[in-house]
Amino acid sequence: MSREQTGLLDCLIIGAGPAGLTAAIYLARFRLRVGLVDAGNSRAALIPRTHNHAGYPNGIPGKELLALMREQAANFGVTVRSGLVESLKQNGEHFLAQFGGTTVEARSVLLATGVVNNRPEIAPEIHDVALARGLLRYCPICDGYEVTDRRVGVIGTRTRGHNEALFLRMYSKDVTLIAPDGELDLSKDEMARIQEAGITLRDGPCAPLRIEGDAILAPVPGGTLAFDTIYPALGSIIRSDLAIMLGADATEDGCLVIDDHQRTSVPGLYAAGDVAKGLDQISHAMGHAGVAATTIRNDLSAKMLLLR
């Protein structure tokens, strides 16, 4: 029996990445009326093949993982509606979400909208090819193992660049930290640690990256550097605007502040995955989602709203 309804929803989930789809499966199995809207921008879809997601000994492409999760959600009556939620407002104790000329009303909302990585200077078509070939990578926690003993470049400055370069140093002795614009702007302590680790330093600007054979090239003042992989350490944009417009508390960088049960500071509004402060990992997002879905069910039950 389908648990997705066209009337008042128990929960509207915004975002169909690993967090949103996991929550949809849980909530549907709790027999709640669930809606799921997705703008089609999940970072998981960009992963050529993840090797640290348990249960897939040979790894699994991000798109395939999302397709399997959608299929599982569909088994319990949840379908993903395509669209960008343009506004989210409160209507008494309910929420009104607008997307594609449609207005949806829900008792609760789960934001699983994720983040967008800031890209280095690179042509879009080259970016996608480099990403698919593993020449460009965004998550050393996810795939640092795959660059063991390879030539690794890190584009970044200050503490973010310092931390990522040192993290990758445990996989390879050949790590270079490159400033995207001018200088690296490291503190004395950061500079000392980088030098002690044997990491090469290069000031920018770093001209647009390009591919040559099996290498990705980074043109910098004085020459062009060739790497097996480059990691941009340029931060990200948190897709938390909908919650912040409702007055939800957020950190300086835009991550939503949540309690131990994934509640934001706005009653009835929850967050899971990368939009909340966390590890930016598929497994972590799915854990967030399980907690959020159970909390949503329990909070609605406490208000006697789940009686049919």
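**View 1. The second largest pocket of this predicted model has a volume of about 190 Å³**. The lining of the second largest pocket is made up of 14 residues, and those that lie nearest its centre are Glu93, Arg107, Pro267, Gly268 and Lys303. Sorted by class, the residues that line the second largest pocket comprise five that are nonpolar, five that are polar and four that are charged. At least two lining residues come from each of three elements, namely strand 5 (94-99), strand 6 (102-111) and helix 8 (282-302).

**View 2. Strand 5 and strand 6, which both contribute to the lining of the second largest pocket**, **form an antiparallel pair**. Five bridges join strand 5 to strand 6, and within this pairing Phe95 has Ala106 of strand 6 as its bridge partner. The two strands form a hairpin with two residues between them, and in that hairpin Gly100 takes a positive phi near 55°.

**View 3. Strand 6 also pairs in the parallel sense with strand 1 (residues 9-14)** **and with strand 16 (residues 269-271)**. The pairing of strand 1 with strand 6 rests on five bridges, and Cys11 has Ser108 in strand 6 as its bridge partner. Three bridges connect strand 6 and strand 16, where Val109 stands opposite Leu269 of strand 16. Seven of the ten residues of strand 6 are buried, so strand 6 is largely enclosed by the rest of the structure.

**View 4. Helix 1 (residues 18-29) has twelve residues, and its end C-alpha atoms are 17 Å apart**. After helix 1 comes Arg31, a residue whose phi is positive, near 65°.

**View 5. Helix 1 is mostly covered, with ten of its twelve residues buried**. The buried residues begin with the run Pro18, Ala19, Gly20, Leu21, Thr22, Ala23, Ala24 and Ile25, and they also include Leu27 and Ala28. Among the elements against which these buried residues pack are strand 1, strand 2 (34-38), helix 2 (62-75) and strand 3 (80-82).

Key. Residues numbered from 1 in each chain as written. Predicted model: local features only at pLDDT ≥ 70, side-chain atom pairs only at ≥ 80, totals over all residues. Heavy atoms only, no water. 1 Å grid on protein atoms, 1.4 Å probe; cavity = no way out; pocket = protein on both sides within 12 Å on 5 of 7 lines; lining within 4 Å. Points joined across faces, edges and corners; volume = space filled by probe spheres on them. Helix = DSSP H or I, 4+ residues; strand = E, 2+ residues; numbered from the N terminus. Nonpolar A, V, L, I, M, F, W, Y, C, P; charged D, E, K, R; others polar. Buried < 20%, exposed > 50% of the residue type's maximum accessible area, 1.4 Å probe, protein only. Pairing = 2+ DSSP bridges. Expected span 1.5 Å × (residues − 1). Contact = heavy atoms within 4.5 Å.
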